[in-house]
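This report is written for a reader meeting the structure for the first time. Please look over the sequence and the model shown here before reading on.

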Amino acid sequence: MKKLLLLAISLLTAIGSYAENYTISTPNNTLIIEATKGKAAKFRYYGTTASLEEAKALGKAMRYDAFHAFGHHAELPYAALVKFPDGDNAMDLVVDGVEQSKEGHITTLCITLKDTLHPFRLQLCYAAYDDCDVIKFSTKYINDGKKPVVLQRYMSASLPVLSKDCSLLSLHGENKNECNEIVEPLGFGTKILSSQEGNRTAFPTHSSFMLSLEGGMHENSGNVIAGTLAWIGNFTIEFVNAALPQRPTVIMAGINPSASDYTLDGGSSLKTPELILSYSNKGKGQASRTLHYWARHHHVLDGTKLREVLLNSWEGVRFDTTQANMESMATDIAALGGEMFVMDDGWFGDKYPRDNDKTSLGDWVVCRKKLPEGIGALVKMVHSKGIKFGIWIEPEMVNTKSELYEKHPEWVLRHPAIEPQTGRGGSQLLLDMTNPKVQDFVFGVVDKLMTEHPDIDYIKWDNNMSMLDASSQYLPMSRQSNLSVDFNLATIATLERIRAAHPKVIIQLCASGGTRLNYGFMPYFQEVWTSDMTDPLHRLKMQWGALDFYPSNILAAHVCSHNNKYTQRHTPLKFRFDVASMCRLGVEMVPATFTPAEREYAKRAIAEYKQIRPIVQQGDLYKLISPLEGSREYAALNYVNSDKSKAVVMIYRLLYTFGMPHRIVQLQGLDPERNYRIREVASEFENEKLAIEGKVISGRLLMEEGVVIPELTQRYKGNHPINELRESNDYRSVILELVAE
Ligand code: GLA
């Protein structure tokens, strides 16, 4: 009996020491990993705050390899595959050590796994925030041997999920058609989201996803895992859903290993990009709000600063960047209450003036023919109007017709034996960022501009070409497959260097619009040009998709001219302003073309936007009616500030049908106990008030009973100067500001 008791105790002790569980938490999320020295690390739980005991009781606990490497324990698909010097591919990973640390808002758990077969380690790191439900996953690959190894698959994260009935939301797009939101059931098999463009990571698919765990994707209900991989190069996100009840669905995310076998020298390591994850038990809306908060407070450069209203010259004058045009637009945007003027493409090139997209990239000197007084005089002129000055550059590129290419043909990406594939204008090429001289040059483009003109306030950093030739003239042949990783690591290092030297200048990220929209860039950029597509109907849907993952203040949204250049669609000025006011408002047209009534209206709309800007740019977003679902006749959303004292409601009627249903919109995120005074913002009809104007209504009633939309959008019938351009009853909108009494 005594023997039996002793055996039981020693067994219990053994089990106890076996089960070394590490919990890391955010306010509402928990991650539990089992890490016992000498054993494989196990993934136990990820979800809403719970203890392991609770997770077990709910059937939500698991015990799968935390990170599976090829060759051993083949219960899950492998996230790591390494070719060792002797040709061996197998690894046997066991826990070597665990470290926990806390810095600022972040607690980090790092588990080091040692390969028992080779001198090689993996470090799995999980970083949890204490003020928002975000945990970042990343993995470091460490070659402890003397000889190089080849990483053939080197994911950042592997995450088992206990659901076989998932729905997946992802974003897809290209130039002028960015951020198309797709929701689909995740069937059995493997679903892959990936990009192989080399340097334009949001093209054709974004490295972001939402996975609902109960089937369907709902704004306000259900368990949803939101993830976004912060990486500026080729990526892969794989969802493996085997038709085997005992296997979980596995999410793996990381650098795309295709054509990217990565040679890792002896004694060196590679830290893979972070997968940012949030777990919501209140649907996708809550996951978006968490990512927005995290991005603004912890990730995007100057994320909590308000963004200015600006005019960008591109759609207005394209390459006709003359002194007179710049002055006229700058004068107009200042008079309209704008805060910045940005001179886009066409200002540079000495030997080869930039009159079209076929020449001059690389020659970052002012084109005296167009701007005889130079940049300095232009900055001064713009500042004299009381507004800021911005300038366009595309520093990673060169045209074959340029002084730079004449001097340094060896700086471009190309295969030595074949003519390089040119991009935009039939003459654009991509500089080889792996070459340290190119890195210096790219740094120098910004550094020289900012040193010569320290009062430049803003830079639009463009990138209009993918990696069409994936061959480096700098890397040796034996390292060509390191290109896509090393190229992008060098880009990041160069951006870091630029930011160390010039921390304040606002830099907008652009890549033929939004084809680089990715969190990997956002520690260096304050905002993103969402798309060259400025048609408000198309834009509204794109912004809707982008807002799934990115906060409104980083998404530049500009008002185009009445007849959109790309769709030929005619839309009212108010609708164009109201769609752009969802995000960071700007203007992308020649204000001199405004009628006096339009000018008056634009002035009012800009002034009113500035009034509601703190709520729009920093508030919590609640999507109310999706333009992508149902009849697609309406869209509606509201923003609420952090203490719920103010809100902004935006309602869009996209399509008019006779006898439209009296659609009701219930607001969200308000304080049910408070009363809000309601005011219409940027109305076209100053003398014609809405029934709701000036009324004080409780948050409870606004959320429970809601507002009937046609009551707000139907009234615009009569003749009004600004109505002259109305050709139909489509494209009506209303913005309301709510202030708690
Ligand atoms: C890209 C950008 C545009 C504009 C042009 C200039 O297409 O997306 O906004 O800056 O380049 O050439």
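## The ligand and its shell

In this predicted model, the shell around the ligand has 6 charged residues (Asp, Glu, Lys and Arg), 4 nonpolar ones (Ala, Val, Leu, Ile, Met, Phe, Trp, Tyr, Cys and Pro) and 3 polar ones (the others, Gly among them). These 13 residues surround the ligand, the closest being D344, D345, R424, K460 and D532, where a residue counts as near if one of its heavy atoms lies within 4 Å.

A polar side-chain atom of D344 lies 2.7 Å from an oxygen atom of the ligand, and a polar side-chain atom of K460 lies 2.8 Å from a ligand oxygen, whereas G513 places a backbone N or O atom 3.0 Å from an oxygen atom of the ligand. Of the 300 Å² that the ligand exposes when taken alone, the protein buries 96%, with areas taken from the Shrake-Rupley method with a 1.4 Å probe.

## Domains

The protein chain is divided, by an automatic or database domain assignment, into domain 1 (21–287), domain 2 (311–532) and domain 3 (621–740). The centres of domain 1 and domain 2, taken over C-alpha atoms, are separated by 34 Å, and 32 residues of domain 1 are in contact (heavy atoms within 4.5 Å) with 33 residues of domain 2.

## Basis of the values

Residues are numbered from 1 along each chain as its sequence is written. Because the model is predicted, local features need pLDDT of at least 70 and side-chain atom pairs count only at pLDDT 80 or more, while totals for chains, interfaces and linings use all residues, and side-chain values use heavy atoms, with hydrogens and water left out.

Key
Polar contact = N/O pair within 3.5 Å; in protein donor to acceptor, adjacent residues only side chain to side chain.
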